[in-house]
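The following exercises are to be worked through with the sequence and the model at hand. Each task is followed by a solution in steps.

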Amino acid sequence: MWKQFLSKLPRTKSSGGGGGGDSGQCSGGNGNPIQRTSSVPAGGGGRSASTIKRMSSAVFPSSVVAGIESLVSFKDVPSSERHNLFVSKLGLCCAVFDFSDPAKSSAEKDIKRQTLLDLIDFVDSSSGRYPEAVIAACSRMLAVNLFRVFPPSYRSGGGSSGGGGGGEGDEDEPMFDPAWCHLQLVYELLLKFIGSSSLDAKIGKKYFDHSFIVRLLNLLDSEDPRERDSLKTILHRIYGKFMVHRPFIRKAVSNIFYHFVFETQRHNGIAELLEVFGSVISGFALPLKEEHKVFLWRVLIPLHKPKSVGVYLQQLTYCVTQFLEKDPKLAGSIIIGLLRYWPVTNSQKEVMFLSEIEEILEATSMVEFQKCMVPLFRRIAHCINSSHFQVAERALFMWNNDHIISLVAQNRQVIMPIIVPALEQNGQNHWNHAVLNLTANVMKMFSEMDEELFSVCLTKCKEDEENQVSMEEKRRLKWAKLESAAALQPVTGHTAVLVG
């Protein structure tokens, strides 16, 4: 029977199939988790098949690939032999090629690409449980094809979460891996295999283990956005499939965040990891475990520190607000944590922080607001007086939020004495016309909110200003007296002389 299959081989492959060697055919896109590229003409033959067979035999025992010809179609063998054929095709796919040169080994690449497509179709249509040998072979093939160390030059450009630009002007073009036409099929096979009902999680966890997960997470530092998008989907699928690995995944991802925040501040996949964890956090059971709160305090809040926070701020804010939805009592401590990392020399980051603070305040109760309102509005007062007009403008825009106005109105005895002096100083000294108009609007709103308290605050502000002027004048007079006294002293050999 097998002689018949072998005799058919040259005829079935000489007509050509899907290609994967031409990097020019790669097409990016994040619309789907893993998007296949177009095909190129094939050039395979019997000699190429034997070459790949020998290469795969170096990884797989010869007994695995020698009994069955790997390029035979699944439909041409009995159902009882299809798992064996599946293992043999996996063995063939352990051959690794150089995709930097599209013309190199094009026939072999084409055969491997077609084999990967056959494997994907088989996983799509399979029924019944996969034997352990199939799971082991698949895990091994995926590791051979995917796990690699990126060269230093790969990370030397800014990266999506790297560099020192803080997201301001970090407009480097993304890097695209020339092997993506091939890698996307491997990722698609991994995604479908993990999600298949034929994969028994109790057996699969032995092969898709901690080592496999860590090496998969390391690939998220890829500069190719298509690869990171695929890994994001796969990581989410693994988290859902293997419940026993969930604590380890959370710990491993936390370690990546720690390394990023406190050591390198350079990683390309922070946004994707946070996107995955946004879904993970939304699935946390109530009441929240202490482990999850520690993740908030030690990981999510410090992630506001790096200069590149703008690249992943949207995903980070979503994770923080998911915690607030789970436990609104965390609002006060979250705001205090953000104040600890408040930027003082980066105006663009300051605008981002103000936007996030507003979003958090919308979900903050009165009790939690009162815990943090004094340090919070002292910081907002500094922002109102910022010479950078965008910071001042963003701080004043907070009074367009009805929920924030409600919180302020109920605590105006504390907040108005903090904010009114900043508004008065703006009205007298700020250079930007738009900021002056917004300042006048907020002062009018405070006056209408509580005219008596507003007048008291203005009076106190003017008194403080007069006292400050008086102190400055006294200080000036003291220095003038000291200078006069020093000028009357005779100059001796080693006396210091004040030169005007």
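**Exercise 1: The surroundings of a helix**

The buried residues of α10 are covered by elements that include α6 (132-146), α8 (180-195), α9 (201-207), α11, α12 and α13. The model is a predicted one.

Task: State which residues of α10 are buried, and explain why they line one face of the helix.

Solution. 
Step 1. Buried positions in α10 are F212, I213, L216 and L217.
Step 2. Viewed down the axis of α10, the buried residues fall within an arc of 135 degrees, and therefore they line one face of the helix.

**Exercise 2: An aspartate in a loop**

Task: Locate D224, decide whether D224 is buried or exposed, and identify the polar partners of its side chain.

Solution. 
Step 1. D224 belongs to the loop that runs between α10 (210-218) and α11 (225-241).
Step 2. The relative accessibility of D224 is 0%. The cut-off for a buried residue is under 20%, so D224 counts as buried.
Step 3. A polar atom of the D224 side chain lies 2.8 Å from the backbone nitrogen of D177.
Step 4. The side chains of D224 and R226 are joined by a polar contact of 2.8 Å.

**Exercise 3: Helix α19 and residue Q425**

Task: Name the buried residues of α19 and the helices against which they pack; then characterise Q425 in α21.

Solution. 
Step 1. In α19 (residues 389-397), the buried residues are V391, A392, E393, R394, A395 and L396.
Step 2. These buried residues of α19 pack against α17 (347-361), α18 (366-384), α21 (412-429) and α22 (433-449).
Step 3. Q425 is placed in helix α21 and, with a relative accessible area of 43%, is partly exposed.
Step 4. Leaving aside residues up to four places away in sequence, Q425 touches N385 and H430.
Step 5. Between Q425 and T439 the separation is 14 residues in sequence and 9.8 Å in space, C-alpha to C-alpha.

Note on methods:
Residues numbered from 1 in each chain as written. Predicted model: local features only at pLDDT ≥ 70, side-chain atom pairs only at ≥ 80, totals over all residues. Heavy atoms only, no water. Helix = DSSP H or I, 4+ residues; strand = E, 2+ residues; numbered from the N terminus. Buried < 20%, exposed > 50% of the residue type's maximum accessible area, 1.4 Å probe, protein only. Polar contact = N/O pair within 3.5 Å; in protein donor to acceptor, adjacent residues only side chain to side chain. Arc of directions from axis to C-beta. Contact = heavy atoms within 4.5 Å.
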